[in-house]
Amino acid sequence: MLLVVTYSRGARRDLRNVCRAHEGCVVRQFGRAALLEWTEFGAFQALRLQEKHGLDVQLERVVPFEPADAPEHVRKAASAYESRDQPSTPYERFASGRDFPDPAAMRGEKL
């Protein structure tokens with residue numbers, strides 16, 4: 001998918017118009033941003049916006065994230081943390097002394 005992020009009023013207006021006029025190529029719209037299908041037409045619309053608004057339009061290639069993309073210990077930690085008894089417990093304290101990854105260690109690890 002193509003992520004289109006706008007940084008000016010004019011670019012946002014034109015992105016909104018593209019999304020309304022070409023709903024078939026829009027995966028999702030988020031106000032200042034939209035996900036367009038990974039097609040030539042999606043690329044055409046994204047490039048057209050960037051051509052018109054320059055740096056006020058940021059384009060990124062987005063690959064969907066699947067839970068299986070994360071290591072099993074991270075998935076288990078997320079599941080256990082969301083099932084905790086005390087919702088106000090910070091993760092760092094929750095993980096301390098248990099067999100869950102340290103938040104500092106996770107920050108340094110790429111998927």
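Predicted model: local features only at pLDDT ≥ 70, side-chain atom pairs only at ≥ 80, totals over all residues.
Colleague: Why is a set of residues called a nonpolar core?

Modeller: The term is given to buried Ala, Val, Leu, Ile, Met, Phe, Trp, Tyr and Cys residues joined through side-chain atoms within 4.5 Å, where buried means under 20% relative accessible area, exposed over 50%, and partly exposed in between, with a 1.4 Å probe and protein chains only. The largest such core here has 13 residues, and Val-4, Leu-15, Leu-36 and Leu-49 touch the most other members. At least two residues each come from β1 (2-6), α1 (9-21), β3 (33-36) and α2 (40-53), and α1 gives the largest share, 4 residues. Another core, of 5 residues, lies apart from it and includes Tyr-81, Tyr-91, Phe-94 and Ala-95.

Colleague: How do you know that the span of α2 is close to the expected one?

Modeller: Helices are DSSP runs of H or I with at least four residues, and strands are runs of E with at least two, numbered from the N terminus. The expected span is 1.5 Å times one less than the number of residues; α2 has 14 residues and reaches 20 Å from its first C-alpha to its last, close to the 20 Å expected.

Colleague: Why are the buried residues of α2 said to line one face of the helix?

Modeller: These residues are Gly-42, Gln-45, Ala-46, Leu-49 and His-53. Seen down the axis of α2 they fall within an arc of 95°, so they line one face, the arc being that of the directions from the helix axis to the C-beta atoms. The face turned away from this buried side carries exposed Glu-40, Leu-47 and Glu-51.

Colleague: What makes β3 a partner of both β1 and β2?

Modeller: Two strands pair if DSSP finds at least two bridges between them. β1 and β3 run antiparallel and are joined by 4 bridges, with Val-4 opposite Ala-34, whereas β2 (residues 26-29) pairs with β3 in the antiparallel sense over 3 bridges, and Arg-28 has Leu-35 as its bridge partner.

Definitions and conventions: Residues numbered from 1 in each chain as written. Heavy atoms only, no water.
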